[in-house]
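Hi everyone, thanks for coming.

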Amino acid sequence: MFDKILIANRGEIALRVLRAARELGIHTVAVHSTADADAMHVRLADESVCIGPPAAKDSYLNIPAIVAACEITGAEAVHPGYGFLSENAKFADILKEHNIKFIGPSAENIRTMGDKIEAKRTAKALGIPVVPGSEGGVADVASARKVAKDIGYPVIIKATAGGGGRGMKVARNEGELELAVSTAQSEAKAAFGNGEVYIEKYLEKPRHIEIQVLGDGQGRAVHLGERDCSLQRRHQKVWEEAMSPALNAQQRDEIGGRVARAMQEMKYEGVGTVEFLYENGEFYFIEMNTRLQVEHPVTEAITGLDLVQEQIRVATGAPLPYKQSDIQFAGHAIECRINAENPESFTPSPGRVDAVHFPGGLGVRVDSALYSGYRIPPYYDSLIGKLIVFGKSRTECMMRLRRALSEFVVEGVETTIPLFQRLLAEHDIIDGHYDIHWLEKFLSRPKA
Ligand code: MV4
């Protein structure tokens, strides 16, 4: 087991990793920008190193500063959290050159899954169902037209170097194709320095269902069920739940088993999430994330596993102590991402938190780095906390969520807490009848 690990992140996830490490008796090193000197993860860590000014590019993305912090403190491993350098293959390579363990998959796995075409090709070769579309990138409109003719309209054009919804264009007929392709290419070139695009059949009303996997890098891997993340606004997840209200145990075992076997073949190390679109009973692979995800706590709630401790254990080289039949699912969990934003306009609302009170009680978890008097900096994303509730059933979960939200107090900044209280009054939400477009439609309704 490691003696000391460095947490190359901030906010709630830095605290989350720190807690897992401390329970394993591991010393923790926090890194922070000058804007985060008073942050909770800095206060609770055994050591801390200031790595630069507020801007992420000069601090949390500053690889030399983070490597230097490892050298200064003698940290043997780095946990990257999510975002920042968590899917940066070059960072993983550089740490390896310095004999510092990157807690995550190999740089090769990161690279493969970071290239959306390579990821699809790999998934298909490993028996995972993918969305029909071009074999690779499409160079020009003529080849795009041929693919679109084969798969049928509507089609969606996506950036190879993209992900998370950036640089996507839909063409509903041949007349719209040329502009969609050329716009996607130029936007991809501008955003990612790589103008290559690929084409897929456009799925009109899918759900976003993702499968959590855990592998030991030696050929063992299990799946930990799915999360339904369909409730999104501008490609930002708002509400995630496990399990999906749309799946039954047979479907879960089938798609989960395919994914687990694929991860065994890849000798995947660590946690990963395989993202699917789900429509009319069919799964279609879209992307794989080679990092811990924001919404991992709902999987922890229904499996009883601490995913960060599992990450750290496989990073030490320990074989996975589970076979698939050891993984049991129980109950239901929902996570609400609480942002320091106006609940109507979603305008960021940084500033001083005059008072904060977290809900508690059976089945209620709050992952947050807030404290009374904390000043939320304006430089980073607006996530200030995750409310995760667990219940024996989805209904019990929603009752508990309603109660927990009513107890949650944050004074001094605006938050999206009222949004979740509104959602819990909606029949579609109560019945689990929603797809990836539901939330944006709900938010575009004139307020009653
Ligand atoms: C799609 C799609 C429909 N058909 N691909 C958005 C971000 C990235 N994960 C892929 N995305 C989509 N890919 C095909 N072939 C619809 C989306 C999409 C979406 C996917 C998941 C969750 C929310 C979304 C919101 C808009 C579009």
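You'll find K267 in the loop between α9 and β12, where helices (H or I, at least four residues) and strands (E, at least two) are DSSP runs numbered from the N terminus. K267 also has a positive phi of about 50°, although it is not a glycine.

Quick housekeeping. This is a predicted model, so local features need pLDDT of at least 70 and side-chain atom pairs count only at pLDDT 80 or more, while totals for chains, interfaces and linings use all residues. Residues are numbered from 1 along each chain as its sequence is written, and side-chain values use heavy atoms, with hydrogens and water left out.

Now the overall layout. The domain assignment, which is automatic or comes from a database, gives domain 1 (4-103), domain 2 (132-201) and domain 3 (207-444). Taken over C-alpha atoms, the centres of domain 1 and domain 2 are 37 Å apart.

So where does the ligand sit? It lies between domain 2 and domain 3, because both give residues to the shell around it. There are 18 residues around the ligand, and K158, E200, K201, L203 and E287 come nearest; a residue is near if one of its heavy atoms lies within 4 Å. By class, that shell has eight nonpolar, five polar and five charged residues. For those classes, Ala, Val, Leu, Ile, Met, Phe, Trp, Tyr, Cys and Pro count as nonpolar, Asp, Glu, Lys and Arg as charged, and the others, Gly among them, as polar.

Zoom in on the nitrogen atoms of the ligand. One is 2.9 Å from an N or O atom in the side chain of E200. With K201, a backbone N or O atom lies 2.8 Å from a ligand nitrogen, and with L203 a backbone N or O atom is 3.0 Å from one. On its own the ligand has 520 Å² of accessible area, and the protein covers 93% of that, by the Shrake-Rupley method with a 1.4 Å probe. β6 (155-159), β8 (197-201), β12 (269-279) and β13 (282-289) are the elements that give two or more residues to the shell.

Next, the inside. In soluble globular proteins, nonpolar side chains tend to be buried together. Here the largest nonpolar core has 37 residues, and W239, L387, L401 and L423 have the most contacts inside it. By nonpolar core I mean a set of buried Ala, Val, Leu, Ile, Met, Phe, Trp, Tyr and Cys residues joined through side-chain atoms within 4.5 Å. Which element gives the most to this core? That's α12, with five residues.

The peptide bond from Y153 to P154 is cis, with omega near -5°, and P154 is in the loop between α7 (141-151) and β6. From A242 to M243 the peptide bond is cis too, with omega near 0°; M243 is in the loop between β11 and α9. And N99, not a glycine, has a positive phi of about 55°. At 71% relative accessibility, N99 counts as exposed.

Notes
Polar contact = N/O pair within 3.5 Å; in protein donor to acceptor, adjacent residues only side chain to side chain. Buried < 20%, exposed > 50% of the residue type's maximum accessible area, 1.4 Å probe, protein only.
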